[in-house]
Amino acid sequence: MTKQVKADIMLVLVTLCWGVSYYLTDLSLTSLEPFTLNAIRFLGAFLVAYLFTFPKLKTVNRTTLKYSFLVGIALTFVYIGSTFGVMYTSLSNSGFLCALTVVFTPILAFLFKKQIPDKKLAIVLFLCLVGIGLLTLNEQLKPALGDLFCILCALAYAVDLLITESAVQKEQVNAFQMGVFQLGFTGLFNLAMAFVCETPRLSGSGPIWGAVAFLAVFCTGLAFIVQTLAQQYTSASHVGVIFTLEPVFAGIVAFLFAGEVLTPRAYVGAALLISSLFVMEIDLKKWKGNRKVGVCEDEGGKAGREQL
């Protein structure tokens, strides 16, 4: 098994954890308020990551901490969107809409970094527009409040990715250290918001704290570390396609554990959103080129065998 295959398998497991996280978040919110939950989740993830990777973190510099701070702000908005989204819309909608980061990222890159998007973006935007409409609009053509929060999540995560992209290009920034310290800053920001907007309290049964622990350790701490390590051995296109599985996993978990069933119209919208994500991420020209190379190699091998 090659390193790339192992990396892709690791990323699929990360994506599975994120798909499960919507259900676990919904379960945890029965006892904990949103900012309190996110504070526990991220501070717990930071402590786990810090304890297991301390030798790699003790040399952190000011520039890495600065970008960790900025990414932490973006991640705070990401989880405001996803957590409140889970509270006010269906788990399936949350998974599909939060995955729209794949579409928002090239749009923001064009607006703020003048990076010219791929020509297929127009097709993707059309599929997304129709898909979102079918998935979220009710008979009065109004989306649920939670749907808007989920779209905010996707938009904020696109900002997070652009900040991270700029940061890791700087020699002074250690990507791994930034990945860990951003968890700590995100936890602190949510803790501050918890004291301002809520009355933080630690309550809940065993299953609730089991869900919170899984969110902190597997869906946040280990997930971010594994993603950082895996991306050293696989391509960005592989990562993008693998992450489109997140809403699929979220929908399956919502159906199996929460008994959530969407309307036929919503399933059509979800299918269009998944299609748009794959269209956005798959490089057809490169795929066709690889097929041609494979055909040529096969023909060359056949000719060699005939000569023998």
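How many aromatic pairs does the count come to?

Guide: A quick word on the ground rules: this is a predicted model, where local features need pLDDT of at least 70 and side-chain atom pairs count only at pLDDT 80 or more, while totals for chains, interfaces and linings use all residues. Residues are numbered from 1 along each chain as its sequence is written, and side-chain values use heavy atoms, with hydrogens and water left out.

Now, the rings. The count comes to 12 aromatic pairs; rings of Phe, Tyr and Trp (its six-membered ring) pair if their centres lie within 6.5 Å, and planes under 30 degrees apart count as stacked, over 60 as edge-to-face and the rest as tilted. Take Phe84 and Phe149: they form a stacked pair, with 5.4 Å from centre to centre and 25° between the planes. Phe84 belongs to helix α3 (residues 62-88) and Phe149 to helix α7 (residues 145-168), so their pairing ties together parts that are 65 residues apart in sequence. Helices here are DSSP runs (H or I, at least four residues), numbered from the N terminus.

How covered up are these two? Phe84 counts as buried because its relative accessibility is 16%, whereas Phe149, at 21%, counts as partly exposed. For those words, buried means under 20% relative accessible area, exposed over 50%, and partly exposed in between (1.4 Å probe, protein chains only).

Key
Helices (H or I, at least four residues) and strands (E, at least two) are DSSP runs, numbered from the N terminus.
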